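User: Please take me through this one, a few local features at a time.

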Amino acid sequence: MYYLKLIFKNVFRAKLRSGLTILGLVIAIVAFGLLQTVVDAWFAGANSSSAARMVTRNAISLVFPMPSYYRDRIKAVPGVKSVAHSQWFGGIYIEPKNFFPQFAVDHENYFEMYPEFLMKPEELLAFKRDRQGAVVGRKLADQYGWKIGDVIPIRGTIFPGDWRFTIRAIFDGKDETTITRQFYFQWEYINEYLKKRFPRRADQIGIFNIEVTDPGRIADISRAVDAEFRNSLAETLTETEKAFQLGFVAQSEAIVVAIRIVSFVVVFIIMAVVANTMAMTARERLAEYATLKALGFSPPFVAALVYGEALMLSLIGAGLGILLTFPMAAGFASSPAGAVFAAFRVSGDTVLLQAASGLVVGLVAAVIPGWRSARIRIVDGLRHVG
């Protein structure tokens, strides 16, 4: 107890210096946590994928569609439980900055394949009965203040025109890992329009969503699906839902790597700052450390004082930084910039990394000052003027 009390008094002996160092630590730990959370958000879609679902797309590229009749042939492949389809819409709500995922889906059985989307049965039924109906996630509805019955205007880009959708259902996630920022509506609605205006673009599907009976046979089933359309005009590529999501992440892998590097650079910089603070502190107190050694205290005890002060300083800063990360992340998630990410939550792993960073900063910053203080000769220390 006396040892901790002595360290605490030493930490705040130079209040301004200690306060500024702690402030720097707080800023660094918060920045580190937010950057790590950005990386986690990038992988959120892939991490929440189901092992029992696959995605079939055009083997050349995702931008090339497939005929809608592929669905029946996929459904006939042994091991396939159900098949739905979806099409990226890419419209604009009021202005381009209001970005959120929009999909035209097979309204009859799409949501049966996604039990993690929780909604009232009567709302789902109302969606199925309304050709212009829409289903939106809770987070998206809260962001724009939408409620059941609201009419949402969206300007088409891939599918030109001014579209209007009526919200018939709002879904929640089964847990915090479920993404609820999507906007779904009936594929038949846009397909009818295409038949009238652009007949050659009608009856075309972006991707087929497949649910299998046995996740252990998913590799065999994917090969069987692709074999069904080999040498056709639109050959297919079938992969797990997680692999499909990771394909999008891979396109921006360089950005993810850069963010990771920057997050650790931030920690390295604050480590240098804390090391400088401890070096100044140890140099000022060489006479005190020499006095302790003259009174019979061992060199390890002197070194322990330096290490203890550095650790307390860094852990106070890290603790405050961790506490501030949560409201900062929540504020970012509710901002227009945070709306780009489907899910933005501080994970337990991020908190552990923040705590470990604080610990490492304290230990490394005290190495040289602690070693120098422990080795100082009594006569040199008493002669030193700090």
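**Loops and helices**

User: N231, buried or exposed?

Analyst: At 70% relative accessibility, N231 is exposed, with exposed meaning over 50% relative accessible area, buried under 20% and partly exposed in between (1.4 Å probe, protein chains only). This is a predicted model, where local features need pLDDT of at least 70 and side-chain atom pairs 80 or more, while totals for chains, interfaces and linings use all residues. Residues are numbered from 1 along each chain as its sequence is written, and side-chain values use heavy atoms, without hydrogens and water.

User: Where does N231 sit, and what is its phi?

Analyst: N231 lies in the loop between α8 (218-228) and β12 (236-240), helices (H or I, at least four residues) and strands (E, at least two) being DSSP runs numbered from the N terminus. Its phi is near 70°, a positive value in a non-glycine residue.

User: And I94?

Analyst: I94, in the loop between β3 (80-88) and β4 (102-105), also has a positive phi, near 70°, and is exposed at 58% relative accessible area.

User: Switching topic, how do α12 and α14 cross?

Analyst: The axes of α12 (residues 299-333) and α14 (residues 367-375) come within 8 Å and cross at roughly 150°, which makes the two helices roughly antiparallel (over 145 degrees).

User: Which residues make that contact?

Analyst: From α12, P299, V302, A303, V306 and Y307 meet V367, P369, G370, S373 and A374 of α14, contact meaning heavy atoms within 4.5 Å. These residues divide into 8 nonpolar, 2 polar and no charged.

Key: Axes fitted to C-alpha atoms, helices over the stretch in contact; angles between N-to-C directions. Parallel < 35°, antiparallel > 145°, perpendicular 65-115°, else oblique. Nonpolar A, V, L, I, M, F, W, Y, C, P; charged D, E, K, R; others polar.
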